[in-house]
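Here are some short notes for a first look. Please keep the structure open while reading them.

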Amino acid sequence: MKTELEVNTLKSFQTELTRFFLAYKFALQEVETKINILQEEFKLIHEYNPIEHISTRVKSPKSILTKMMKKELPPSIEAVRENIRDIAGARITCSFVEDIYKVSAMLQAQHDMEVVEVKDYIANPKENGYQSLHLIIKIPIFMSDHMEKVYTEIQIRTIAMDFWASLEHKIYYKYNKEVPEHIRHELKEAALQAAELDRKMERLNKEINILKENEAEPSLLDSTPIAHLAKYLTELPGNKIMDDALFKKVNPC
């Protein structure tokens, strides 16, 4: 029969463990909110959405334990918190490679988010052909009695990169990571082909954008409701918005 001290110790540990996982859940909610805001703003201003899909996950206790053993960490929550930095993970899928760097730059410009490390596996692919941009960040979350900064990993990929990585993971899982040499070679070839597809699609996209800019008529450029509202406001007599703009132009600070 457990003593009262043992029961209280167990309850305390359960509470600590619950708060530990909640912190990562809340961190991902913060990251997802930031991404959604940037996505919506970019879409309204540029009439283009660089993000195709967003997904998030918190590592399972089993995965954390496996990584603890691999890193030979002591069995403590603090050791896990400081040494395993991808417990909370967000994945952003973009249309084109240039979008990856745009989204990365927008995220890194967030003042309340500390960028700990950037791993560019696009400029420097892994040996197996894997490509992606990884950001390791610390994001503040506010609990009932304290604030803490939580490590989160953000992976940013194109659709082609994500397709390859997902299938590669399934194949390795099926073979229990003991993949025959000829299959590893074929997977790397497939990664190179996916990268070439990304480059080709990006070239096509740039050509289409140039054609679109050359063919666009000025009358069609301001067709959004916000553009109509802005035009109406600037044409009002004694318009304060225009007066302020002109004042700043004539008297710059």
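1. Start with Phe20. Its relative accessibility is 5%, so Phe20 counts as buried, because buried means under 20%. The model is predicted, and this value is computed from it.

2. Move on to Phe21. Phe21 has 24% relative accessibility, so this residue counts as partly exposed. The cut-offs explain why: partly exposed lies between buried, under 20%, and exposed, over 50%.

3. Now take the rings. There are 4 aromatic pairs in the structure. Phe20 and Phe21 make one of them: the ring centres are 5.2 Å apart and the planes meet at 85 degrees, so the pair is edge-to-face. The angle decides this, because planes over 60 degrees apart count as edge-to-face. Ring pairs also bring in Tyr24, giving a cluster of Phe20, Phe21 and Tyr24.

4. Look next at Tyr121 and Tyr130. How far apart are their centres, and at what angle are the planes? The centre-to-centre distance is 6.0 Å and the planes are 65 degrees apart; this aromatic pair is edge-to-face. Tyr121 has 18% relative accessibility and therefore counts as buried. Tyr130, at 9%, counts as buried too.

5. Which charged residue sits over the ring of Tyr121? The charged end of Lys126 does, 4.9 Å from the ring centre. Lys126 also lies over the face of Tyr130, with 5.1 Å to that ring centre.

6. Turn to strand S5, residues 147-158. Is this strand mostly covered or mostly open? Mostly covered: 10 of the 12 residues in S5 are buried.

7. S5 has strand partners. Strand S2, residues 88-94, pairs with S5 in the parallel sense, over 6 bridges. Strand S4, residues 133-142, runs antiparallel to S5, and 10 bridges join the two. S4 and S5 form a hairpin, with 4 residues between them.

8. Check Ile154 in S5. Ile154 is the bridge partner of Ala90. Ile154 is also the bridge partner of Leu135.

9. Last, confidence. The chain has an average pLDDT of 85, and 82% of the residues score at least 70. Where in the chain is confidence lowest, and where is it highest? It is lowest in helix H7, residues 218-221, at a mean of 49. It is highest in S2, at 97. Where pLDDT is low, predicted coordinates should not be read in detail.

Key: Residues numbered from 1 in each chain as written. Predicted model: local features only at pLDDT ≥ 70, side-chain atom pairs only at ≥ 80, totals over all residues. Heavy atoms only, no water. Buried < 20%, exposed > 50% of the residue type's maximum accessible area, 1.4 Å probe, protein only. Pairing = 2+ DSSP bridges. pLDDT = per-residue confidence, 0-100. Phe/Tyr/Trp six-rings, centres within 6.5 Å; stacked < 30°, edge-to-face > 60°. Lys NZ or Arg CZ within 6 Å of the ring centre and 35° of its normal.
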